[in-house]
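Please read the report below alongside the sequence and the model.

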Amino acid sequence: MKATAKAHTNIALIKYWGKRDEDLILPTNSSLSLTLDGFYTTTTVDFQEGLTRDVFHLNKEEVFGEAYNRVSHFLELIRNISGKQDLYAKVTSHNEVPTAAGFASSASGFAALAAAGSRAIGLDLSDEELSKLTRQGSGSACRSIYGGFVEWKMGENPDGSDSYAVQIAPSAHWDVRIAAVNLSSNMKKISSRAGMKRTVETSPFYDGWLESLPKDLAQIKEGIRDKDFEKIGEIAEANCLKMHATTLGANPPFTYWHDTTMSVMYVVQELRAKGIPAYFTIDAGPNVKVLYLPEDEAVIEKTLREIPNVTNVTLSKPGPGISYLGVE
Ligand code: ADP
Ligand code: DP6
Ligand code: CO
């Protein structure tokens, strides 16, 4: 009753930023992402007779508190589906991505947990079923089931039966690169979950954000289909700025940006002014991801590394969906 799975993070080009149902994790809008090969989580789930509670180790340390509760609550969903209510698990996970710093560790983390946990307990779920299950661990994670370009369809049913991700183009469709610019690996003060909740409940800008989304989504899908880099870059950058603008209108107001976040944004816009197509996007954290094309890799990496207070730059190609590294 043991299985190991690997899942990659994804970066949203059209952001998920708000829930219409917090228990089932149903979003207020559809979103779209690119799975990255450079960042991933590997998780082993071992259901053992005789355990009286779940045990969770992340990066070689035992985890308690909120992060433990999220994992244990998720294993409870798996137990309920399989009907094996009395079985507890030892979960051992390793993040090849900074945890809770806006690099989408919850996406790779819960996708790996869902894949390993469901296999370990003997379930053989379709991708659609696995995506729906994974969604209930962390919304963005339902997109990490697949490689390449992925859309999470928000659905409309109150039970969540039509809210899951689908692949819209495989990673081989288009070699768009992402540079992850690291300024800080510190855990953020406001989790994605808390940040979007406060924004939905209090930001007067939230309705404007929602209204603008269907057009962004439709157009970026055309851009992906046509491999129109400027089109997808412009839409993704503007979509990111709109999302972050909603947090400034929240009560109390907040932002995930640091001063260096803005320096990186400025440098990316300068690169464009020099004729090098590059666009940024930022999730719920201070770190910046820069989209570029393979032929510009050398100049992009050099330019980003020279920005003061940038601690690391990791280059990534489009990545694969989940894989199983062992089932016993
Ligand atoms: P991020 O930008 O990293 O996704 P979030 O605030 O969305 O930040 O989520 C971070 C939380 O995700 C962690 O505090 C923890 O609860 C959970 N998490 C991260 N990695 C894992 C993992 N490998 N297994 C299970 N849960 C994880
Ligand atoms: C800004 O999926 O981390 O990265 O569903 O509460 O776990 P929960 O939140 P999470 O939110 C991700 C927000 C985002 C945008 C995105 O990935 O689409
Ligand atoms: Co997250």
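## Basis of the model

This is a predicted model, in which local features need pLDDT of at least 70 and side-chain atom pairs count only at pLDDT 80 or more, while totals for chains, interfaces and linings use all residues. Residues are numbered from 1 along each chain as its sequence is written, and chains are lettered from A and ligands numbered from 1 in the order in which they are written.

## Domains and annotation

The chain is divided into domain 1 (2-172) and domain 2 (177-316), with bounds that come from an automatic or database domain assignment. The centres of the two domains, taken over C-alpha atoms, are separated by 23 Å. Across the boundary, 28 residues of domain 1 are in contact with 37 residues of domain 2, where contact requires C-beta atoms, placed from the backbone, to lie within 7 Å. On the side of domain 1 that touches domain 2, strand S1 (2-14), strand S4 (31-48) and strand S9 (164-169) each supply at least two residues, and S4 gives the most, with 6 residues. Helices (H or I, at least four residues) and strands (E, at least two) are DSSP runs numbered from the N terminus. By class, that side of domain 1 has 17 nonpolar, 8 polar and 3 charged residues; here Ala, Val, Leu, Ile, Met, Phe, Trp, Tyr, Cys and Pro count as nonpolar, Asp, Glu, Lys and Arg as charged, and the others, Gly among them, as polar.

UniProt, in an unreviewed entry, places the feature "domain: Diphosphomevalonate decarboxylase-like N-terminal" at residues 7-165 and lists "domain: Mvd1 C-terminal" (unreviewed entry) for residues 184-300. These positions are given in the numbering used here, the feature names are shortened, and the annotations may be inferred rather than shown by experiment. In the model, residues 7-165 are 27% helix and 33% strand, with end C-alpha atoms 15 Å apart, whereas residues 184-300 are 61% helix and 7% strand, with end C-alpha atoms 20 Å apart.

## Nonpolar core

The largest nonpolar core has 81 residues, and those with the most contacts inside it are Ala 111, Leu 113, Ala 115, Ala 179, Val 181 and Val 290. Such a core is a set of buried Ala, Val, Leu, Ile, Met, Phe, Trp, Tyr and Cys residues joined through C-beta atoms within 7 Å. The largest share of this core, 9 residues, comes from helix H2 (residues 105-120). Because domain 1 (2-172) and domain 2 (177-316) both give residues to this core, it lies between them. Leaving aside neighbours within four places in sequence, Ala 115 is in contact with Ala 5, Ala 7, Leu 130, Ile 322 and Tyr 324.

## Ligand surroundings

Ligand 1 is surrounded by 23 residues, the closest being Ala 67, Ser 105, Ser 106, Gly 109 and Ser 192; a residue is near a molecule if its C-beta atom, placed from the backbone, lies within 6 Å of it. Helix H1 (65-82), strand S7 (88-96) and H2 are the elements that give two or more residues to this shell around ligand 1, and the largest share, 5 residues, comes from H2. The shell around ligand 1 has 10 nonpolar, 11 polar and 2 charged residues. Since domain 1 (2-172) and domain 2 (177-316) both give residues to the shell around ligand 1, this ligand lies between them.

Around ligand 2 there are 15 residues, with Ala 12, Ser 138, Gly 139, Ser 140 and Arg 193 the closest. The shell around ligand 2 divides into 6 nonpolar, 6 polar and 3 charged residues. Domain 1 (2-172) and domain 2 (177-316) both give residues to the shell around ligand 2, so ligand 2 also lies between them.

## Local backbone features

Two alanines have positive phi although they are not glycines: phi is about 55° in Ala 100 and near 65° in Ala 104. A residue is buried if 20 or more other C-beta atoms lie within 10 Å of its own, exposed if 12 or fewer, and partly exposed in between, with C-beta atoms placed from the backbone. Ala 100 therefore counts as partly exposed, with 19 C-beta neighbours inside 10 Å, whereas Ala 104 is buried, with 32 other C-beta atoms within 10 Å.

A cis peptide bond, with omega about -5°, joins Asn 251 and Pro 252, and Pro 252 lies in the loop between H6 and helix H7 (259-273).

Terms used. Two residues are in contact if their C-beta atoms, placed from the backbone, lie within 7 Å.
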